Amino acid sequence: LEFFFMPETLYPRTYMLARMPVEISGEAGLEKVADQKKDPAAVELSRTSKLTALNFRPVPGLRHPKAWDSLVRFVLTFKYAVVVVMVSVYCFAWYWWLLCVITMIPAAYVQYSPQIQGLLFVGLLLGTLCSEVLASGTLSDTIVTKLAKKNNGVRLAETRLWLAYPAALLSAVGLVIWGISIDQEYHWMVGQVAFFLFGAGIQMGNTVTTSYVVDCYPLQSMSVITFYAVLLNFSAFASPFFIAPWQAQSGFTWTFAAQGIITFFASVPVIGILHRWGGSFRAATGQPSWVNPEYDAM
């Protein structure tokens with residue numbers, strides 16, 4: 001879908017803006033404007049929309065990073081506390097229970113065929129979809145915009161965190177209900193309600209995490225999202241290894257109740273600290289020394 005329907009967005013913004021006219025008062029300003037190119041089409045630069053579908057050459061007007069820069073920048077991102085803390089708490093105290101649930105579905109619903117077990121993922125799907133459409137991006141943007149107006153038009157990255165609290169609660173409640181429903185052999189619909197709540201909380205937390213770290217470092221959005229993706233996939237890889245022996249020893253109720261307790265009581269205090277002092281942490285660590293390629297003009 002990305003290949004066929006999404007246009008190339010890697011655009012040399014800084015390069016083009018530097019060649020556009022600016023409104024300057026005075027005779028000297030008029031002379032300066034006259035010397036500049038007034039028509040974007042007059043800038044001798046191949047447009048990204050005109051590149052071939054498979055382009056292996058550098059995008060014109062951009063300073064492309066070295067092959068090893070992604071790895072170097074991933075390591076350097078550990079310096080920036082708000083990114084490390086927010087991503088870590090989401091990945092290792094919240095998100096990785098999703099893989100625990102998915103891993104244990106066959107054992108929880110052993111009486112059903114694999115086809116029916118597959119259909120039981122619908123609760124997670126609907127929760128994720130409803131959260132994304134109704135409560136994640138759009139609602140988050142609305143909250144940020146309204147709070148910015150109250151703050152004299154200044155938008156703070158920490159206003160993205162307001163939705164993290166209900167999201168953590170939804171995930172925790174969903175985990176507890178699902179664990180109990182399996183041990184008590186409740187109707188499968190109870191499990192679907194639990195999946196809906198859990199999936200909605202997971203997706204809301206995902207949106208909060210990604211939007212927060214990008215708002216903290218918008219000029220380094222590629223690096224912070226790469227950092228997030230690496231830790232997210234590492235947590236997804238690790239969690240299935242310990243969930244089976246944990247469940248065998250403690251049972252579904254206490255295993256997933258413990259996960260719900262960890263999700264809420266580990267995530268919420270840490271997010272509260274970031275909410276209160278995140279700006280101070282960013283000021284203490286400073287700004288990264290690199291920017292996204294679209295801002296790094298030649």
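**Close-up 1. A network of salt bridges links Asp 141, Arg 155, Arg 160 and Asp 215.** The model shown here and in the other views is predicted. Arg 160 pairs with Asp 141, with the closest N and O atoms 2.8 Å apart. This pair joins distant parts of the chain, 19 residues apart: Arg 160 sits in the loop between helix 8 (122–150) and helix 9 (164–183), and Asp 141 in helix 8. Arg 160 is buried, at 8% relative accessibility, whereas Asp 141 is partly exposed, at 38%.

**Close-up 2. Asp 215 forms salt bridges with Arg 155 and Arg 160.** The N to O distance between Asp 215 and Arg 155 is 3.5 Å. Asp 215 belongs to helix 10 (residues 188–216) and Arg 155 to the loop between helix 8 and helix 9, 60 residues apart. In the whole structure, a search finds five salt bridges.

**Close-up 3. Helix 12 (residues 240–285) bends at Gly 251.** The bend is about 120°. The end C-alpha atoms of this 46-residue helix are only 35 Å apart, short of the 68 Å that a straight helix would reach. Gly 286, with a positive phi near 75°, follows helix 12.

**Close-up 4. Leu 1, Phe 3, Phe 4, Phe 5, Leu 54 and Phe 56 make a nonpolar surface patch.** The patch covers about 900 Å². Phe 3, one of its residues, lies in helix 1 (residues 2–5). Phe 3 counts as exposed because its relative accessible area, 51%, is over the 50% cut-off.

Key: Residues are numbered from 1 along each chain as its sequence is written. This is a predicted model: local features need pLDDT of at least 70, side-chain atom pairs count only at pLDDT 80 or more; totals for chains, interfaces and linings use all residues. Side-chain values use heavy atoms; hydrogens and water are left out. Patches are made of residues with over 30% relative accessible area and no salt bridge: like charges are joined within 9 Å, nonpolar side chains (Val, Leu, Ile, Met, Phe, Trp, Tyr) within 5 Å. Accessible areas come from the Shrake-Rupley method with a 1.4 Å probe; for residues, only the protein chains shown count as cover. A salt bridge is a side-chain nitrogen of Lys or Arg within 4 Å of a carboxyl oxygen of Asp or Glu. Helices (H or I, at least four residues) and strands (E, at least two) are DSSP runs, numbered from the N terminus. Buried means under 20% relative accessible area, exposed over 50%, partly exposed in between (1.4 Å probe, protein chains only). The expected span of a helix is 1.5 Å times one less than its number of residues. The bend at a residue is the angle between axes fitted to the seven residues ending there and the seven starting there.
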